[in-house]
Amino acid sequence: MTYDWFESIGRPRFVVAPMVDASELAWRLLCRRHGATLCYTPMFHSNVFNKDPKYRKDNMVTCEEDRPLIVQFCGNNPEIMASAAKLVEGQCDAIDINLGCPQSIAKRGRYGSFLQDDWELLKKLVQTMSEAVSVPITCKVRIFESIEKSVEYALMLQNAGCKMLTVHGRTREQKGPLTGIASWEHIKAVREAISIPMLANGNIQCLQDVYRCLEYTKVDGIMSAEGNLTNPAIFEGINPVSWEIANEYLDLVEQYPCPTSYIRGHLFKIFHKIFSLEENNEDRQILATAQNLDDFKRVCINVRDKYLPYHEGKINIENDENITRIGFNLILPPWICQPYVRMSPEEHTRKMEKLNIIQENAAEKRKCEDTDGTILSRKKLKKLKRISRRPEKPDSQQNSRSGQICFSENCPNPLGGKCLYQLCKKCCRNKCYEQELDCKGHGILVHTRREMARKFANVQANTETDTT
Ligand SMILES: Cc1cc2nc3c(=O)[nH]c(=O)nc-3n(C[C@H](O)[C@H](O)[C@H](O)COP(=O)(O)O)c2cc1C
């Protein structure tokens, strides 16, 4: 009984995740051609979806081949979520509640993973939506730190009427650079406890990962987001040539248009290894500023023209001095679609600590400003260094111009007698020492320069110690 619906949509095992700005129709169709057996729409805001026909028209775009399809909504008001669900029930196979979004915008709007502590509201959401529509209501959740609580949470949603559960094996805190590894252990424990169909999400970079996860967790299907973005053929078990799959996607976009920002995002992901190489900066720039399909196609052509001879083995990489070696020491060459490997949270923390030290030093250096606030140039700093090494002369031995009468009110020698500060030749020649700024500035300058020069010498010594 609990599996009837899941059977009716073909027991999908290979699932494209809901992705804002990325799981649009053209992308879904591309993934379906390459092995995906179920796709999610991007998350839609239930409130806006209800109120704004343009938002609906722009976002809820589908077609006959785009099945099975699950539409995802976010929100916290059961009635509003139910009425949004009613608007799409005829165009999809299920409606999903986003209970996993960890972004600060979700915190402000009180949706996604920020509802995971309000179980009473969640029960109400699932129940009200289930009663309102004829298609199943499903949920996509994150885990809690504790396995027991994650299991309890899943059971609560199942009892409320959720018909399929996707468990993303990361906590709400595991996001951005702190994403890290997903826990299949949590997923496995939830699978053992619940009886409804279940999808696992997290740590999927290739088809081997899919099968490892299926075997370990015993879930019914695997959902992929980032792995799917860098390789839309991930479920087919192949790593396509980047420009070929990018062109296939662009052909679909021609048929099913979408905003240029989505296209740009997809091409950056497909070509991520290519554009991590300095030698492709120019094409990277073309992609960054591309405005229409022709611009996007030009990027694909440029990349193909450059790398096709290598791909076909007509040029030996080893002998081409124009191509940098970085990126070629991989199992897969950079023009082949491949996963993006994130930095581990530990590595990120270490990097940030190092960066903070460098930034602090840079801030210290920035303090080496001239009296007018401008940052001293290298040349000037060099000069200061020289000054700092010079022994300080007593006032009596200052150059011939010291001891000029200063007319400024702000003169550090307030009696209007002899100014103790040295005047530069330029000031004397122009007689500008009569002006307040020059007299004051000049006086401070002599003093500050020495101070700054000493500071600069210290900063340099510290930086040298840091980098060793
Ligand atoms: C570009 C992008 C957009 C996403 N948008 C959504 C979304 O709309 N709804 C949602 O539930 N999760 C969203 N996610 C999260 C993914 O669905 C998925 O849970 C997460 O990326 C972990 O899967 P992965 O390890 O395969 O990337 C998004 C992820 C990415 C990379």
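**Confidence, ligand site and cysteines in a predicted model**

The protein has an average pLDDT of 84, and 75% of its residues score at least 70; pLDDT is the predictor's confidence in each residue, on a scale from 0 to 100. For the complex, the predictor gives an ipTM of 0.99 and a pTM of 0.78.

This is a predicted model, in which local features need a pLDDT of at least 70 and side-chain atom pairs count only at pLDDT 80 or more, while totals for chains, interfaces and linings use all residues. Residues are numbered from 1 along each chain as its sequence is written, and side-chain values use heavy atoms, with hydrogens and water left out.

Turning to the ligand, 16 residues surround it, and the closest are Val 20, Gln 72, Lys 140, Asn 201 and Ala 225; a residue is included if one of its heavy atoms lies within 4 Å of the ligand. This shell is made up of 6 nonpolar, 7 polar and 3 charged residues. Here Ala, Val, Leu, Ile, Met, Phe, Trp, Tyr, Cys and Pro count as nonpolar, Asp, Glu, Lys and Arg as charged, and the others, Gly among them, as polar.

Asn 201 places a polar side-chain atom 2.6 Å from a ligand oxygen atom, and Gln 72 has a polar side-chain atom 2.8 Å from a ligand nitrogen atom. Met 43 takes part through its backbone, where a polar atom is 3.2 Å from an oxygen atom of the ligand. On its own the ligand has 600 Å² of accessible area, and the protein covers 80% of this.

The structure holds 0 disulfides, a disulfide being a pair of cysteine sulfur atoms within 2.5 Å.

Methods. A polar contact is a pair of N or O atoms within 3.5 Å; within protein, one must be able to donate a hydrogen and the other to accept it, and residues adjacent in sequence count only if both atoms are side-chain atoms. Accessible areas come from the Shrake-Rupley method with a 1.4 Å probe; for residues, only the protein chains shown count as cover.
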